[in-house]
Amino acid sequence: MTTQAAGALAPAPAQRKRPIGLLLVAVPVLLVLWLIIWPIIAAMIQTIWLPTSDGGRGFSVSSYQFFASDPYSRSNLAITLWTTGVCAALLLVVCLPIALYLRFSDSRIAAYVQGLAIFPMFVPSIILSFAFIRVLGPNGTVDLLLNSVGLPKIKSPYLTPWGPVIGLVWDNIPLTVLILLSGLGNVSNQAIEAARDVGAGRFALLWHIILPRISNSILVAISFAVLGIFSAFTLPYVLGPAAPEMMGPFMQRTFRDLFDPTNALTQAVITFAFCILFGLFYVRSVAKNRTP
Amino acid sequence: MSAAVKIAKPIDWTGIVFAAVLTLVIVVPLLVVGTWAFTNVWRFPSVIPQEFGLKFWYQTLARADVWSSITMSLTLATTVTLLSAVICLPAAYAFARLDFPGRDILFFSFLAGHAFPKFGLLVAIAGIFLQLNLIGTFWGVVLIQLVGTLLFMIWIPVAAFQAVDRRMEEAARDVGASPFRVFWSITLPQAGPTIAAALLLSFVGTFYETEGAWLIGAPQVRTLPVLMISFINNQPVIQYGAVLSVLLWVPSFIALLFARRVVNSGSFAKGFGG
C-alpha cells in the first residue's frame with residue numbers, strides 16, 4: 001500500500017486490526033442479517049403482534065391457540081413427528097451397519113459399497129421421487145415382477161405416510177454414513193484388539209467399545225437428519241398423502257394457496273421450536289470442527 | 001489380521017450382501033427411469049418394454065415449457081453463482097488473511113441458517129418478501145438461492161486461501177511485485193482448483209434448488225425441478241418425466257465426476273460436523 005510495505009520488515013498483517021476486512025465481508029454478513037436473522041425475528045414478532053379490530057396491532061397468541069386447537073394442524077404436526085422419528089430410527093438401523101462394515105473392511109467390495117452408499121447425494125430428490133413412483137407406485141416395476149410370477153400386487157406406499165419415509169431415508173443415507181464413518185475413524189484398532197484379546201464378542205465390542213466412542217457422531221447424524229426431515233418439502237409433497245400432510249407442504253399450502261401468511265409463519269415458528277435443540281447442537285458440532 | 005494375510009482371504013460375504021442390497025435399492029430404481037426414457041411403448045403387464053426408441057426425446061425436446069425452464073434454470077444458476085462469487089470471494093479472502101474486529105463471530109454467523117429447519121426458514125423469508133413484492137419474481141428467487149450458497153462459498157475458499165504457501169507470496173513481494181500482482185500470479189493459481197470446486201458446488205446446488213424456487217417463484221418463475229414436480233403431479237405420459245429426469249441429472253453427473261474424490265475424503269464429513 002505504501003512504499004514502506006516493500007521494505008524488508010513489513011509488519012505482520014495478523015498483528016494489526018484492519019477495519020478494511022469488515023468492508024470486504026460486509027455484503028454477505030448483511031445478507032445473513034437481512035435474510036436469515038431478521039426473517040426469524042420478524043416471524044416471531046408478526047405472529048404475536050396481530051392486527052386488532054380497531055385497526056392497530058396488539059399482543060395476542062391467538063394464531064398459536066388456533067394451531068393448538070385445530071385438529072387438522074395437530075394431525076399434521078403429529079404425522080411430521082412420526083415421520084421424523086421413524087426416519088431417524090431407520091437411518092441408524094440402515095447406516096450404522098454400513099458404516100461399521102466400511103470401517104473394518106478394506107476389500108474391493110467395500111469400495112463399491114461406499115460408492116453406492118454415497119451415490120444418492122448425486123441424485124436430486126425430484127428424480128428420486130419419480131423413480132420411487134415408477135418402481136413402487138401402482139403398476140410399477142415391483143408390481144410387474146410380482147405379476148409375472150403370478151403373485152398379487154403390493155399395497156403401494158405411494159401417497160401413504162410410508163412414501164415420504166422411504167424417500168427421505170434414501171435421500172439421507174449418504175451424509176449419515178459419512179458422518180458415522182468419520183466418527184468411527186476415532187475408534188482405534190488397538191482398543192478393538194485389546195478388547196478382543198480379553199475375549200469380547202462382537203456384540204460386547206459394539207456395545208462397550210465402539211458405541212460409546214461414536215455417540216457424539218450418532219447425535220450429529222441424527223440432528224442433521226432431523227433438521228432436514230422435519231420441514232422437508234419436495235418428497236412429502238410428491239410422495240405423501242394429501243391429508244394429513246407434513247409441515248413442509250402444509251406451510252407451503254397455507255402461504256401460497258390459502259394466502260394466509262400469519263398462520264404459515266406461526267407454523268414456521270412452531271417447526272423452529274421443535275428443532276431448536278437439534279439445530280444448536282448441530283451448529284455447535286460443525287463450529288467445533290472448524291477454526292477461522 | 002497378520003494371520004489372515006498368510007492364508008487365502010476369506011470371501012467377504014457381508015460385503016456381498018451389502019453390495020447386492022444397495023444395488024437393488026439404489027441403482028435399480030434409477031435404471032428403471034433410464035429405461036423408461038428410451039421406451040416408445042411399455043404397457044402393463046410386460047416385464048420389458050414392447051418397443052424401445054427415441055420417440056419421446058423428440059417430443060419432450062419439442063415442448064416449449066421444457067426449453068423455457070431449461071433456460072430459466074441455467075440463467076438462475078449462473079446469476080446466483082456469479083453474484084455469490086462476487087460477494088463471497090473477497091469476504092473469504094478477508095476472513096483468511098486479515099484481522100478485523102468481530103472476525104470470528106462473523107465467520108460463524110454463516111452457520112445461522114443451518115440451525116433451523118430449511119423450509120421453515122424459507123417461509124419466514126417469504127414473509128419478508130411478501131412485504132417487498134418479491135414473490136413470483138426472478139430476483140426474489142435469486143436472493144433466496146443466493147442465501148443458500150453463502151456458507152459453502154465462504155468456508156471452502158477460506159480454506160483454500162489459508163492453504164496457499166505464504167512464503168511464496170512474501171518472496172514475490174520482496175522482489176517488488178505489487179499486492180495485486182501477488183494475488184493474481186501466486187495466490188489465485190494455488191487456491192484456484194478449490195475455489196472452482198466451490199463454484200461448481202454452488203452452481204449445481206442452485207440448479208437443483210427446488211423448495212425456494214417453488215415457494216417464491218412458482219408459477220411465474222419455472223425452473224426445471226419445478227417443471228418436473230408438475231410433470232409428476234399432472235402428466236399422464238410417463239416418458240416425458242423420464243426424459244426430463246435424464247436431462248435433469250446431467251449437472252449432477254458432471255458434479256459426480258469432479259466431486260467423488262472430495263466427498264470420499266474425511267474432511268468433507270467433518271464439514272458437516274461428523
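**Figure 1. The kink in helix α1 of chain A.** In this predicted model, helix α1 of chain A bends by about 55 degrees at A:A26, shortly before the proline A:P28, the bend at a residue being the angle between axes fitted to the seven residues ending there and the seven starting there. Helices (H or I, at least four residues) and strands (E, at least two) are DSSP runs, numbered from the N terminus. The end C-alpha atoms of α1(A) are 40 Å apart, which agrees with the 42 Å that its 29 residues should span at 1.5 Å a residue, where the expected span is 1.5 Å times one less than the number of residues. Residues are numbered from 1 along each chain as its sequence is written, and chains are lettered from A and ligands numbered from 1 in the order in which they are written. Because this is a predicted model, local features need pLDDT of at least 70 and side-chain atom pairs count only at pLDDT 80 or more, while totals for chains, interfaces and linings use all residues.

Figure 2. The proline A:P28, which lies in helix α1 of chain A, is buried, with 26 other C-beta atoms within 10 Å; a residue is called buried if 20 or more other C-beta atoms lie within 10 Å of its own, exposed if 12 or fewer, and partly exposed in between, with C-beta atoms placed from the backbone. Leaving aside residues up to four places away in sequence, A:P28 touches B:I87, B:C88, B:A91, B:L150 and B:I154, contact meaning that the C-beta atoms of two residues, placed from the backbone, lie within 7 Å. The buried residues of α1(A) also include A:L24, A:V25, A:V29, A:Q46 and A:T47.

**Figure 3. The contact between chain A and chain B.** Chain A brings 95 residues to this contact and chain B brings 84 residues. On the side of chain A that touches chain B, the largest share, 19 residues, comes from α1(A). By class, that side of chain A has 69 nonpolar, 21 polar and five charged residues, where Ala, Val, Leu, Ile, Met, Phe, Trp, Tyr, Cys and Pro count as nonpolar, Asp, Glu, Lys and Arg as charged, and the others, Gly among them, as polar.

**Figure 4. The largest nonpolar core.** This core holds 156 residues, of which A:I98, B:A92, B:V123 and B:I154 touch the most other members; a nonpolar core is a set of buried Ala, Val, Leu, Ile, Met, Phe, Trp, Tyr and Cys residues joined through C-beta atoms within 7 Å. Helix α7 (residues 138-163) of chain B gives the most to this core, with 14 residues. Not counting residues up to four places away in sequence, B:A92 is in contact with B:I154, B:P157, B:V158 and B:F161.

**Figure 5. The two domains of each chain.** Chain A is divided into domain 1 (19-60) and domain 2 (69-288), with bounds that come from an automatic or database domain assignment. In chain B the assignment gives domain 1 (2-55) and domain 2 (60-271), whose C-alpha centres lie 32 Å apart. Here five residues of domain 1 of chain B are in contact with six residues of domain 2 of chain B.

Figure 6. Helix α11 (residues 247-257) of chain A is mostly covered, since nine of its eleven residues are buried. Its buried residues pack against α3 (71-104), α9 (202-230), α10 (234-239) and α12 (261-288) of chain A, together with α6 (118-131) and α10 (211-217) of chain B. A:F259, in the loop between α11 and α12 of chain A, is exposed, with 9 other C-beta atoms within 10 Å, and its phi is near 50 degrees, a positive value in a residue other than glycine.

Figure 7. Most residues other than glycine have a negative phi, and most peptide bonds are trans. The peptide bond from A:A243 to A:P244 is cis, with omega near -5 degrees, and A:P244 is placed in the loop between α10 and α11 of chain A. In chain B, the bond from B:F44 to B:P45 is likewise cis, with omega near 5 degrees, and B:P45 lies in the loop between β1 (39-41) and β2 (51-52). A:L159, in the loop between α6 (141-148) and α7 (162-184) of chain A, has a positive phi near 65 degrees.
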